[in-house]
Amino acid sequence: MVMDGFSRLRATAEPSELMAGCTDVPEAVALAETLRERGLRIDRYMQDMQRRKDEIALAEKQLTEKLVELRKLKQQIGNDDRGYAQAQSDDIARLIAVYDQMKPEQAAMVLSNLPPDFAAQILARVQPETGARIMASVEPGQAALLTSYMGAIRARK
């Protein structure tokens, strides 16, 4: 008969048949009692170890499930970010197309009222000929400021 480690180490709390003729020897009775107590402690220890093993297995399972969930969320966030970046890029492309179609004087008036960094980003993305005509229509101080912002944009790329 093959026994697993837990069954093999399980102590019996019952007095064995060997003690039947030794109950009058105090040392044998004391030894049997000591062995019985040790056996009970080993049983409790083995049960505690099994409980801990089960708790660890459950914790590992929960961590694995959480890891899978977090990986899915990370992938979803990545997809959302790509979608957001694409939508933002599409919006900017439409805005640039509007400025490309405007008369340079009108575009210059609008860009002069925008924050310089945003206006520079628009100018950096319109057709070069359109950008040149718009810059020619902007007052010189504003044109110099926009040019410095455009240079900074190109330097970051």
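Biologist: Is threonine 130 buried or exposed?

Modeller: First, this is a predicted model, in which local features need pLDDT of at least 70, side-chain atom pairs count only at pLDDT 80 or more, and totals for chains, interfaces and linings use all residues. Residues are numbered from 1 along each chain as its sequence is written, and side-chain values use heavy atoms, with hydrogens and water left out. Buried means under 20% relative accessible area, exposed over 50%, and partly exposed in between (1.4 Å probe, protein chains only). Threonine 130 has a relative accessible area of 8%, so threonine 130 is buried.

Biologist: Which helix is the place of threonine 130?

Modeller: Helices are DSSP runs (H or I, at least four residues), numbered from the N terminus. By that numbering, threonine 130 sits in helix α5.

Biologist: Leaving aside neighbours within four places in sequence, what is threonine 130 in contact with?

Modeller: Contact means heavy atoms within 4.5 Å. With those sequence neighbours set aside, the partners of threonine 130 are Tyr99 and Asp100.

Biologist: At roughly what angle do the axes of α2 and α4 cross?

Modeller: Axes are lines fitted to C-alpha atoms, for helices over the stretch in contact, and angles run from 0 to 180 degrees between N-to-C directions. Angles of 65 to 115 degrees count as roughly perpendicular, under 35 as roughly parallel, over 145 as roughly antiparallel and the rest as oblique. α2 and α4 are therefore roughly perpendicular to each other. Their axes come within 9 Å, and the crossing is at roughly 75°.

Biologist: Which residues of α2 and α4 make the contact?

Modeller: By class, this contact of α2 with α4 has six nonpolar, no polar and one charged residues. Here Ala, Val, Leu, Ile, Met, Phe, Trp, Tyr, Cys and Pro count as nonpolar, Asp, Glu, Lys and Arg as charged, and the others, Gly among them, as polar. α2 gives Ile92, Leu95, Ile96 and Tyr99, while α4 gives Phe118, Ile122 and Arg125.

Biologist: What covers the buried residues of α4?

Modeller: Helix α4 covers residues 116–125, and Ala119, Ala120, Ile122, Leu123 and Ala124 are buried there. Their cover includes α2 (26–101), α3, α5 and α6 (140–156).

Biologist: At roughly what angle do the axes of helix α3 and helix α5 cross?

Modeller: Helix α3 spans residues 104–112 and helix α5 spans residues 128–137. Their axes come within 8 Å and cross at roughly 65°.

Biologist: Which residues make that contact of α3 with α5?

Modeller: By class, the contact has five nonpolar, one polar and two charged residues. From α3 come Pro104, Glu105, Ala107, Ala108 and Leu111, and from α5 come Arg133, Ile134 and Ser137.

Biologist: How many salt bridges does the count come to?

Modeller: A salt bridge is a side-chain nitrogen of Lys or Arg within 4 Å of a carboxyl oxygen of Asp or Glu. One of them joins arginine 52 and aspartate 48 (3.2 Å, N to O). By this rule the count is six.

Biologist: How many residues apart are arginine 51 and glutamate 55 in helix α2?

Modeller: The side chains of arginine 51 and glutamate 55 form a salt bridge (2.7 Å, N to O). About one helical turn separates arginine 51 and glutamate 55, because in helix α2 their spacing is four residues.

Conventions:
Helices (H or I, at least four residues) and strands (E, at least two) are DSSP runs, numbered from the N terminus.
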